[in-house]
Amino acid sequence: MTLTAQHLSEQQKTALITRLQALADDEIILAQRDSEWTGHAPILEEDIALANIAQDEIGHALMYLELRAALDGSNPDHLTYFRGPREYTNVQLVELPRGDWAFTMLRQYLYDAYEALYLDALRASTYAPLAEVAQKAVREEKFHLQHTALWVERLGLGTEESSRRMQDALNTLWLYTEQLFTRTQDEDALITAGITPDPATVKARWEGLVRAHLERCQLQVPTVSPLRLSRDQHREDLIYLLTEMQSTAREFPDAQVW
């Protein structure tokens with residue numbers, strides 16, 4: 001059965017709003033971290049490429065926020081620029097400081113693999129507006145994944161120094177990956193109705209894909225268990241990120257034209 005907003009129960013609508021906001025928040029915060037490399041990437045071509053990836057992530061966030069707006073009349077700009085860190089529901093993986101180039105590329109790869117597989121599953125959503133958005137975004141996300149997978153290979157199999165940096169990044173980032181697959185509040189109702197995929201199913205595909213690539217790149221997946229965090233747990237880093245990202249909008253809250 002294909003669903004529209006009129007078919008959703010109040011419980012499903014509330015749960016879907018929560019999931020859409022979580023998806024959008026991941027994209028917004030990761031895009032902000034990526035944008036910190038603008039003018040600072042190792043080579044000009046990658047400076048442009050990462051800036052484009054950041055723009056794509058913002059575009060995906062806007063699609064999710066517009067879906068939310070259709071359900072509750074919320075304002076995407078207000079949600080982005082006038083919420084504090086306690087109200088954001090992104091995973092900690094994306095709010096970690098940018099680190100070096102190896103750290104940024106590996107984080108982007110781990111996230112791109114998750115997002116590409118999540119969107120791929122989301123194309124089968126019974127909620128028609130969400131399936132349409134996933135169909136549009138998944139092609140871009142697969143390009144991101146190809147790009148960052150090549151960087152992981154290039155650095156993992158590169159010099160002794162690049163391999164060491166990549167392994168150091170993996171040792172840190174792996175701890176934060178579990179949070180990507182944590183269910184949001186009342187998401188069981190969405191999964192049962194086929195509106196969103198089961199995160200456990202996405203995780204199984206993600207682990208198979210990611211572990212195989214990391215091993216090909218001669219990187220060792222840590223044996224320690226990833227951190228189990230909820231989406232309302234954040235690091236102090238998020239405070240500073242939001243302060244910078246929201247500064248202009250908060251200084252000129254009534255601005256309509258820039």
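Buried means under 20% relative accessible area, exposed means over 50%, and partly exposed lies in between. Keep these cut-offs at hand; the model is predicted.

**Exercise 1.** Asp 237 forms a salt bridge with Arg 235. Classify each partner as buried, partly exposed or exposed.

*Solution.* 
- Step 1: The closest N and O atoms are 2.6 Å apart. A salt bridge needs them within 4 Å.
- Step 2: Asp 237 has a relative accessible area of 17%, so Asp 237 is buried.
- Step 3: Arg 235 has 29%, so Arg 235 is partly exposed.

**Exercise 2.** Find where Arg 165 and Glu 161 lie, and classify both.

*Solution.* 
- Step 1: Both residues lie in helix H7. They are four residues apart, about one turn of the helix.
- Step 2: Arg 165 is at 37% relative accessibility, so Arg 165 is partly exposed. Glu 161 is at 38%, so Glu 161 is partly exposed too.

**Exercise 3.** Which parts does the salt bridge between Arg 228 and Glu 178 tie together?

*Solution.* 
- Step 1: The closest N and O atoms of this pair are 3.6 Å apart.
- Step 2: Arg 228 sits in the loop between H9 and H10, and Glu 178 in the loop between H7 and H8. The pair therefore ties together parts that are 50 residues apart in sequence.
- Step 3: Arg 228 is exposed at 70% relative accessibility, whereas Glu 178 is buried at 14%.

**Exercise 4.** Locate Gln 218 and classify it.

*Solution.* 
- Step 1: Gln 218 lies in the loop between helix H9 (199–216) and helix H10 (237–251).
- Step 2: Its phi is positive, about 60°, although Gln 218 is not a glycine.
- Step 3: Relative accessibility is 62%, so Gln 218 is exposed.

How values were computed. Residues are numbered from 1 along each chain as its sequence is written. This is a predicted model: local features need pLDDT of at least 70, side-chain atom pairs count only at pLDDT 80 or more; totals for chains, interfaces and linings use all residues. Side-chain values use heavy atoms; hydrogens and water are left out. Helices (H or I, at least four residues) and strands (E, at least two) are DSSP runs, numbered from the N terminus. Buried means under 20% relative accessible area, exposed over 50%, partly exposed in between (1.4 Å probe, protein chains only). A salt bridge is a side-chain nitrogen of Lys or Arg within 4 Å of a carboxyl oxygen of Asp or Glu.
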